[in-house]
Amino acid sequence: MRNLLLLLPLLLYSCIGTDIKDDVIVDRQLELIGMDTSLLVGEIVQFNYEYLNQYGIQEEILPIWNNTNQDVIDLSQTGLIRSNSPGQSFIYIAYEGLFSDSVLITVVENSQSIARIEIANPGLNRVMPGETLQLQARAFTIENVEIDTIFNWTLNNFQIASIDSTGFFTALDIGMVNVSASVGPIVSSPLQITISQETQKTAQFTGMNSYNAQGTATLFFNDDNELMLSLGSDFQTEFALGTFIYLANSTSGSEVKGSGLELGNITSNGMHEFNVTALDPNADLESYRYVIVLCKPASITFGAADFN
Amino acid sequence: MKKSLLYLILISFHFQALAGGGWTAGKGQGYAKLSQNAIIADQFFAPDGEIIDITTISLYTSSLYLEYGITDKLELNVYMPFFVRSTLNNVERRQSGRIEPGDEVNSFGDTDLRLKYQIHNSEKVVIAASLLLGLPLGKTAGGKTKNGDDRILQTGDGEFNQLIMLEASKSFYPKAFYSSIGIGFNNRSNGFSDEIRWLFELGYSGFEDWLLALKIYSIHPLKNGNEAEGAGMGVFGNNIQYISFGPEINYFIKNDFGISGGIGLAIASKNILAAPNYGIGLFKTF
């Protein structure tokens with residue numbers, strides 16, 4: 001009998017268990033590690049890459065290294081660059097249909113030559129047709145000494161935008177356009193500007209898993225060019241302990257919890273505002289399809305607003 | 001005749017002690033039980049009754065239950081969950097090995113005080129009326145979020161129950177069966193919906209030292225609460241609905257001391273964890 005009594009207290013405690021679940025499937029990512037680079041003739045530099053597979057796990061692969069101008073640099077299939085002659089070349093890597101962004105390699109003869117041209121970030125990479133931007137460029141030597149010079153401005157698509165010799169940019173029609181500044185043969189990396197009628201997105205919540213959720217969600221850029229999410233005064237949802245707002249590309253509770261962007265806990269209906277840029281600096285209007293009301297502890301989706 | 005009468009008394013005593021229902025303990029007599037219950041749920045009954053997968057939530061309750069006869073007809077019941085532990089499992093991602101941390105909270109639980117009065121006692125049936133006060137002594141927000149805020153687990157619902165109940169019981173002596181039925185109304189505070197509760201119990205004591213029971217218990221919310229307030233998760237939410245059924249086995253090690261075990265399964269449930277409630281306990285009559 002005493003043994004039976006001793007058994008009961010042992011049952012009072014139980015450790016936190018562990019659920020084993022598959023990782024959320026995400027878009028693969030292939031990136032060159034490193035920024036635009038300037039080299040003197042004869043220099044050698046090693047580039048590396050990072051590949052994240054469909055589970056977001058870093059993985060060693062054998063990518064194909066590509067070089068757009070073999071007169072300027074030699075590029076081995078291990079990422080080793082040897083500079084041959086003055087000029088510019090883009091390098092990028094490819095793996096199973098996936099391509100990295102390009103990195104611009106500039107090779108110069110001496111330390112007095114222009115080795116890098118930068119277009120200052122205008123602070124707003126999304127404009128509406130009819131809007132204008134005054135762009136600025138700066139030129140530097142390989143030793144980072146700024147050179148006062150005059151730039152030539154060009155676009156890859158004059159159908160949807162125009163730019164004059166002072167860098168005054170005018171958006172004409174919707175689309176994406178690359179702006180470049182050059183001095184002689186040296187060109188800047190392109191600055192991508194999106195021209196869109198859409199400066200915000202609005203969606204209505206609907207309940208899921210038989211929970212109630214309703215009201216308006218709005219994604220927009222504020223005056224500081226930060227992406228914000230606003231829940232309107234008509235926003236209503238059911239609550240559990242740990243009711244959180246997420247941005248996600250799935251409505252599955254487990255996937256939202258695993259790969260969504262957690263914006264914050266809510267405990268009341270009505271207006272709420274979240275700074276998305278503060279949590280994901282690269283987020284824009286297209287980055288996430290859904291706003292999710294998630295019971296985080298149990299990973300239950302109470303409601304979703306679909307921007308598509 | 002004497003033997004038969006003794007048998008009836010013994011059965012009745014068991015009924016008084018273990019079955020509750022319309023029976024009361026009798027002045028100075030009673031029943032005490034130390035129990036351990038566990039619910040480990042990786043599924044949840046959504047508000048429409050659909051079963052959905054969730055991160056595993058567990059609830060472990062250590063409780064003391066007491067019945068004491070103040071008079072022959074008036075009985076005091078106390079249910080005191082003196083240690084309640086709720087856990088939220090870690091999630092380990094199979095391919096990456098990434099861990100999403102779980103959570104835990106330990107506390108005293110919501111405690112019930114009940115006064116039961118036997119209003120009818122005949123050879124055919126005994127009937128009792130009771131008033132239960134459910135004291136919200138558990139935690140309505142515990143554990144830690146990643147921001148360090150207390151909120152996502154609970155060991156109580158945070159509302160004050162006032163349950164009135166009418167129960168009737170009948171012994172089928174000389175057959176070793178008994179049954180109880182009951183119906184009640186639970187007035188709940190803090191925006192929670194009021195509830196209709198009913199129960200049915202069928203017991204058998206035909207095996208020496210054993211008492212077997214099949215228990216059915218149901219809660220049906222009236223949906224008259226505030227949808228936006230008082231909501232919870234697990235077994236503490238608003239508008240919980242279920243029909244629970246399951247066997248309970250009691251074994252008398254001595255005349256006044258025994259061990260019990262039972263399982264509560266749920267059907268037609270809404271807004272509650274979808275997992276059995278396992279219970280074991282030690283009881284003593286006095």
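The model is predicted. Chain B and chain A bury about 4,100 Å² between them. The largest pocket holds about 1,900 Å³ of space. A search of the whole structure finds 19 salt bridges over all chains.

**Contact between the chains**

- Chain B puts 52 residues into the contact, and chain A puts in 43 residues.
- Carbon and sulfur atoms give 58% of the area buried between chain B and chain A.
- The count of salt bridges between chain B and chain A is 2.
- One of these links Arg94(B) to Asp22(A), at 2.5 Å from N to O.
- Asp22(A) sits in the loop between β1 (18-21) and β2 of chain A.
- Its partner Arg94(B) sits in the loop between β4 (90-93) and β5 of chain B, so the pair crosses between chains.
- Side chains of opposite charge can pair when their charged atoms come close.

**Paired strands in chain B**

- Strand β1 (residues 30-45) of chain B runs antiparallel to strand β2 (residues 51-69) of chain B.
- The two are joined by 15 bridges.
- Within this pairing, Ala32(B) has Leu66(B) in β2(B) as its bridge partner.
- β1(B) and β2(B) form a hairpin with 5 residues between the strands.
- In that hairpin, Gly49(B) takes a positive phi near 95 degrees.
- β2(B) also pairs with strand β3 (residues 74-88) of chain B, in the antiparallel sense and over 13 bridges.
- Here Glu67(B) stands opposite Asn77(B) in β3(B).
- β2(B) and β3(B) make a hairpin too, with 4 residues between them.

**An open sheet in chain A**

- In chain A, 3 strands form an open sheet with antiparallel pairing.
- Their order is β12-β15-β16.
- β12 and β16 (146-147) of chain A are at the edges, each with a single partner strand, so one side of each has no neighbour in the sheet.
- Strand β15 (residues 137-141) of chain A and β16(A) run antiparallel and are joined by 2 bridges.
- Phe140(A) stands opposite Glu146(A) in β16(A).

**The largest pocket**

- The volume of the largest pocket is about 1,900 Å³.
- Its lining has 49 residues.
- The closest to its centre are Asp101(A), Asn125(A), Pro190(A), Leu191(A) and Gln192(A).
- Strand β12 (residues 114-119) of chain A gives the largest share of the lining, 5 residues.

- α2(A) gives the most to the lining of the second largest pocket, with 4 residues.
- The lining of the second largest pocket divides into 9 nonpolar, 9 polar and 8 charged residues.

**Two backbone features**

- Most residues other than glycine have a negative phi, and most peptide bonds are trans.
- The peptide bond from Tyr173(B) to Pro174(B) is cis, with omega near 15 degrees.
- Pro174(B) lies in the loop between β9 (161-171) and β10 (177-188) of chain B.
- Glu96(A) is not a glycine, yet has a positive phi of about 45 degrees.
- Glu96(A) lies in the loop between β9 (87-95) and β10 (98-99) of chain A.

How values were computed:
Residues are numbered from 1 along each chain as its sequence is written. Chains are lettered from A and ligands numbered from 1 in the order in which they are written. This is a predicted model: local features need pLDDT of at least 70, side-chain atom pairs count only at pLDDT 80 or more; totals for chains, interfaces and linings use all residues. Side-chain values use heavy atoms; hydrogens and water are left out. On a 1 Å grid over the protein atoms alone, a cavity is a set of points where a 1.4 Å probe fits but cannot get out, and a pocket is an open set with protein on both sides within 12 Å along at least five of seven lines; lining residues have an atom within 4 Å of a point. Grid points are joined across faces, edges and corners, and a volume is the space filled by probe spheres set on the points. Ala, Val, Leu, Ile, Met, Phe, Trp, Tyr, Cys and Pro count as nonpolar, Asp, Glu, Lys and Arg as charged, and the others, Gly among them, as polar. Two strands pair if DSSP finds at least two bridges between them. Contact means heavy atoms within 4.5 Å. Buried area is the accessible area (1.4 Å probe) that two parts lose on being put together, summed over both. A salt bridge is a side-chain nitrogen of Lys or Arg within 4 Å of a carboxyl oxygen of Asp or Glu.
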